[in-house]
Amino acid sequence: MNTETLVPDELRGELIKEAQINLLQLHTTEVASQLTLDDFKVFASIQPTEYIDKMFDIKSRYGTPNLEKFVEVSDFMLIHAWLLSCF
């Protein structure tokens, strides 16, 4: 239960400046890996019946929420990939 300050006040501003980064400072492979992991989590949540429901336009009680979420994430990723290619 120690309340001692870890960083002196005079260094606080410098640490905050160092902690701020922008997208272009990130390593591209790491960004791609993290985005892929996020995409896979959404993809893995898709139920097989969602594909059937979507393919044959079947209105089931469950619907296609995970499939629709994956499509949204994929569209979002395509836009970001395009933006990054502009730099």
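Leucine 6 sits in the segment before helix H1 (9-19), where helices are DSSP runs of H or I with at least four residues, strands are runs of E with at least two, and both are numbered from the N terminus. Leucine 6 counts as exposed because its relative accessibility is 85%; exposed means over 50% relative accessible area, buried under 20%, and partly exposed in between, with a 1.4 Å probe and protein chains only. This is a predicted model, in which local features need pLDDT of at least 70 and side-chain atom pairs count only at pLDDT 80 or more, while totals for chains, interfaces and linings use all residues. Residues are numbered from 1 along each chain as its sequence is written, and side-chain values use heavy atoms, leaving out hydrogens and water.

Now let us turn to isoleucine 46. You will find isoleucine 46 in the loop between H2 and helix H3 (48-55). Its C-alpha atom is separated by 9.1 Å from that of lysine 69, and the two residues are 23 apart along the chain. Not counting residues up to four places away in sequence, isoleucine 46 touches Tyr51, Asn66, Leu67 and Phe70, where contact means heavy atoms within 4.5 Å.

Phe70 also brings us to the rings. The count comes to one aromatic pair: phenylalanine 43 and phenylalanine 70 are tilted, with 5.3 Å centre to centre and 55° between the planes. Rings of Phe, Tyr and Trp (its six-membered ring) pair if their centres lie within 6.5 Å; planes under 30 degrees apart are stacked, over 60 edge-to-face, and the rest tilted. This pair links distant parts of the chain, with phenylalanine 43 in helix H2 and phenylalanine 70 in helix H4 (residues 65-85), 27 residues apart.

Here are some accessibility values together.

| Residue | Relative accessibility | Class |
|---|---|---|
| Isoleucine 46 | 9% | buried |
| Phenylalanine 70 | 21% | partly exposed |
| Phenylalanine 43 | 41% | partly exposed |

Next come the charges. The side chains of aspartate 57 and lysine 59 meet in a salt bridge at 3.4 Å, N to O; a salt bridge is a side-chain nitrogen of Lys or Arg within 4 Å of a carboxyl oxygen of Asp or Glu. Aspartate 57 and lysine 59 are both exposed.

Aspartate 39, in helix H2 (residues 28-44), is buried yet has no salt bridge, and the nearest side chain of opposite charge, lysine 69, is 10 Å away. Lys and Arg count as positive and Asp and Glu as negative, while His and the chain ends are not counted. Leaving aside neighbours within four places in sequence, aspartate 39 is in contact with Phe70, Val73 and Met77.
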